[in-house]
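Trainee: I'm new to this one. Could you walk me through how to read its features, starting with the aromatic rings?

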Amino acid sequence: MIHEQSSEKSDDKVSKKHISRPKCLIEEPPAIPTQEAVEGIRFDFNLGLRVLIPLNGKDYLLSVFDLNSGLCLNNSVLKSGQLFISTKRYFIWYRLMISDAVSKEPLFVHDYDATGRPVVCQLDSDAIGDTLAWVPQIEQFQKRHQCKMYVAAGAHMAELLAPQYPDLTFVDRCVTPEIKPYATYYLAFFNINSFDWQPVDQVYAGVHGTAAYILGNADCSAIRPRLNLSAPRRIPEKYVCISVQSVSLAKLWNNPTGWSEVIDYLKREGYRVLCMDRDRVVGICGIYNRVPPEAEDFTGNLPLQERVDIIKDAEFFIGLASGLSWLAWGCNVPVVMISGFSHPNIEFPTPYRVINYNVCNSCWATEHKDGWEFWTCPRHKDTPRQFECSVMITSFMVIRAIERLRKDFNR
């Protein structure tokens, strides 16, 4: 589980060549461990447990324990100038013991304790849904450890969430090394079986659980994010909000008549239908997805709070397994989610999930590696079955889910 590496440089200029990390991660931790131990030894929990022995000509016995299991994870001698780095990068409740290599007399013992200390959570994704899933889990960690939590996230998400999470400090990614953190954790979707970075594979964890397991939280369920819902209602008529756009074709509802038929049904039932996507048209290389002409166009590159102000008063929301569905869920609005490419355990729970299990489905958890090309169907590219997971979701299935929702809420 644990490995060590030597530094050829002085203890104030540690080489960054020792850092083995996925390409997706954003900021390096401080080159020198931020915490002082004894006799010039330094340590911290950035990018795993790190212990740096100064160039003082002495050897030390390093013992590392997992306090949750009681197991000894490492018991090795570090020589002058060596840098130890744990293999595991996620949260482990460590005990660090440094002893004289000859006499075995303990010189320094430290149990992981972030109380009052700066901790950084780096979010690899700027996506709305990922951030809304992860920030409540970060707050759970902050409450448990009573640390000074810094969240390196996208500016658009910080603007939305910072007022609702006063105990979290949202920062730009490029300034995080200046914080001198006690610990740093990276929240990202790692490759399948990347167990140095995550204790539980995303196949089982889902979007929200990925953050929970990395941070060692007991509650790995989806936690509804807090949003500002105080704005007065802007639209007097009853209305439904929809979202039809996403970052890849695999996420879209690729049934050619689906949206039109559902919108026609909603209008017959007396609802206005507002499309809340940022972009009217999304696509690449001749493949484009447009806002349905039957819906009212509420698109635009607007602050997310303005979308919240409208979505929060909708009768319900119809969308994909994407960010605006998470935003609607955060607004306490019932969500009809249309998705075949992801399994229901990947997103927040909704009883109005629409998926066709009779065709290929749920490829995201096992096929998602370093991201998908926009037009790629991971399992059936360039075959007649391409994107069948959403093509074979019919408007009948979606309308039936809407009717169950209306009955449940007496709408």
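This is a predicted model: local features need pLDDT of at least 70, side-chain atom pairs count only at pLDDT 80 or more; totals for chains, interfaces and linings use all residues.

Trainee: What describes a pair of aromatic rings?

Mentor: In general, a pair of rings is described by how far apart the centres are and by the angle of the planes. Here, Phe-45 and Tyr-94 are stacked, at 6.1 Å centre to centre with 15° between the planes. The pair links distant parts of the chain: Phe-45 is in strand β3 and Tyr-94 is in strand β8, 49 residues apart.

Trainee: Which kind of pair do Phe-45 and Tyr-112 form, and what is the angle between the planes?

Mentor: That one is edge-to-face, with 4.9 Å between centres and 65° between the planes. Tyr-112 sits in the loop between β9 and β10 while Phe-45 lies in strand β3, so the pair ties together parts 67 residues apart in sequence. Tyr-112 is buried, as is Phe-45.

Trainee: Which residues do ring pairs link into a cluster?

Mentor: The cluster includes Phe-43, Phe-45, Phe-91, Tyr-94 and Tyr-112. As for Phe-91, Arg-144 lies over the face of its ring, 5.8 Å from the ring centre.

Trainee: Now helices. Which residues of α4 are buried?

Mentor: In α4 (residues 258-268), the buried ones are Gly-258, Trp-259, Val-262, Ile-263, Tyr-265 and Leu-266. They span an arc of only 155° around the axis, which puts them on the same side of α4. Among the elements covering them are β14, β15 and α9. Just after α4, Gly-270 has a positive phi of about 95°.

Key:
Residues are numbered from 1 along each chain as its sequence is written. Side-chain values use heavy atoms; hydrogens and water are left out. Buried means under 20% relative accessible area, exposed over 50%, partly exposed in between (1.4 Å probe, protein chains only). Helices (H or I, at least four residues) and strands (E, at least two) are DSSP runs, numbered from the N terminus. The arc is that of the directions from the helix axis to the C-beta atoms. Contact means heavy atoms within 4.5 Å. Rings of Phe, Tyr and Trp (its six-membered ring) pair if their centres lie within 6.5 Å; planes under 30 degrees apart count as stacked, over 60 as edge-to-face and the rest as tilted. A charge sits over a ring if NZ of Lys or CZ of Arg is within 6 Å of the ring centre and within 35 degrees of the ring normal.
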